[in-house]
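Keep the structure open while reading.

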Amino acid sequence: MSTVSDEHLLSVMFAYTKVLSPSAQIIAIFANVLNVITFCKIGLRDGVNITFLLLSVSDLIYVALDACKGIASVIALSPWQKDLPVSMITVGVIIQFYQYIFLDASTCLETYLAITRCCCVAMPLKLKNIFTFQRTVFINAVILMCNTVFRIPLLSSYYLTWQTNPFTNLTKLTFYPYSHFQILNFIELVVARTVCPVIFLFISTVCSLILARSLIQASLNRKRMTHVTSYHGDENKGNDHALKAKEVQLVKAVFLVIILLGFLQLVLSLFSLAQAAMPEFFPGRKYNNLHGIITFVVNHLIILHCAYKIGIYYLFNTRFRAIVKMLFHVHV
């Protein structure tokens, strides 16, 4: 593994912080605000819509925090930092810890959507009795609560204190970790960034295979039903076909989200595994610059993952598409 020069790191940092990251953040924030408004207008009586709404809110908070972290990083590297009473690098580090709560919450919600769609295919008659509205709300609340509780030890393993720089004689409010911070941070890296992504990747792969098989089977059944309906002229069968077609559209949407989620989880798990297996890959060590560049790439993939879901919803959800057109005064 070769090292990366400081010049290359500065070039990538400039392109990422000045162009790529702000552009992607603006698009992702706009997309998720539109998602939240649209799902609220669709209605919250359905458990699937509740999950999609919470997923959009979680993505929105993650991107908003990422934008705040980006602003803090820009200020930390600017001449303004020396006149500020707070270390903006400290602000960026603290924001990152809270970001992970919503990143993992979004991942869990997407995995839950995948499981419900697979159950819809595997046990359609029992689906409504298993994934009721109340149970869906409860599971979503548990997902958000567990991701928060899991990080309470890490969030309480540091404090802010006034520190004086001996070279500049300036005092700033700075991040200061307790002795057990490194252990908790390593546990976070292994459990949340390595083990959990592998588990979610496995679930996503299984769900993808099941949903792909169901889409092929549904396509064959739809053609067969179309032929029978046209032959007998039975209107009721035509209505059943329309309902099945709507379900197939939802399965397609979740299928695409799962495929893209699986790719993201694979990248995250490989990146975290490299950090856990190679001590020199940690920031501040031999491969610090390479670590920085890969971090930029991974962060950008996460922001894009938060942004492109609106395209999937628009393509495969007719009610979502109709409300978006109505919001922008487009003739439906």
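**Helix α2 against helix α5**

The crossing of α2 and α5 is right-handed. This is a predicted model.

- Helix α2 covers residues 47-76, and helix α5 covers residues 133-150.
- Their axes lie 9 Å apart, at an angle of about 20°.
- Angles under 35 degrees count as roughly parallel, and α2 and α5 are therefore roughly parallel to each other.
- On the α2 side, the meeting residues are Gly 47, Ile 50, Thr 51 and Leu 54.
- On the α5 side, they are Phe 133, Thr 136, Val 137 and Asn 140.
- By class, this contact has 4 nonpolar and 4 polar residues, with no charged residues.

**Overall fold**

- The protein has 11 helices and 2 strands.
- From the N terminus, the order of elements is α-α-α-α-α-α-β-β-α-α-α-α-α.
- The protein has 332 residues, of which 41% count as buried.
- How much of the contact set with a separation of 6 or more comes from residues 24 or more positions apart? Such residues account for 73% of those contacts.

- Helix α3 runs over residues 88-122, 35 residues in total.
- At 1.5 Å a residue, α3 should span 51 Å. Its end C-alpha atoms are 51 Å apart, which agrees with that expectation.
- Is α3 largely enclosed or largely open? Of its 35 residues, 25 are buried, so α3 is largely enclosed by the rest of the structure.
- The axes of α2 and α3 come within 8 Å and cross at roughly 160°.
- That angle makes α2 roughly antiparallel to α3, since angles over 145 degrees count as roughly antiparallel.
- The crossing of α2 and α3 is left-handed.
- The residues of this contact divide into 22 nonpolar, 6 polar and 5 charged.

**Thr 51**

- Thr 51 sits in helix α2.
- Its relative accessible area is 0%. Buried means under 20%, so Thr 51 is buried.
- Which residues does Thr 51 touch, not counting those up to four places away in sequence? They are Leu 109, Tyr 112, Leu 113, Thr 136 and Asn 140.

**Tyr 100**

- Tyr 100 belongs to helix α3.
- Tyr 100 and Glu 188 are 88 residues apart along the chain. Their C-alpha atoms are separated by 9.8 Å.

**Leu 160**

- Leu 160 lies in strand β1, which covers residues 158-164.
- Is Leu 160 buried, partly exposed or exposed? Leu 160 is partly exposed, with a relative accessible area of 42%.
- Its contacts, leaving aside neighbours within four places in sequence, are Thr 90, Ile 94, Leu 173, Thr 174 and Phe 175.
- Leu 160 and Lys 172 are 12 residues apart in sequence. Their C-alpha atoms are 9.7 Å apart in space.

Conventions. Residues are numbered from 1 along each chain as its sequence is written. This is a predicted model: local features need pLDDT of at least 70, side-chain atom pairs count only at pLDDT 80 or more; totals for chains, interfaces and linings use all residues. Side-chain values use heavy atoms; hydrogens and water are left out. Axes are lines fitted to C-alpha atoms, for helices over the stretch in contact, and angles run from 0 to 180 degrees between N-to-C directions. Helices (H or I, at least four residues) and strands (E, at least two) are DSSP runs, numbered from the N terminus. Angles under 35 degrees count as roughly parallel, over 145 as roughly antiparallel, 65 to 115 as roughly perpendicular and the rest as oblique. A crossing is left-handed if the near helix is turned anticlockwise from the far one by less than a right angle, and right-handed if clockwise. Contact means heavy atoms within 4.5 Å. Ala, Val, Leu, Ile, Met, Phe, Trp, Tyr, Cys and Pro count as nonpolar, Asp, Glu, Lys and Arg as charged, and the others, Gly among them, as polar. The expected span of a helix is 1.5 Å times one less than its number of residues. Buried means under 20% relative accessible area, exposed over 50%, partly exposed in between (1.4 Å probe, protein chains only).
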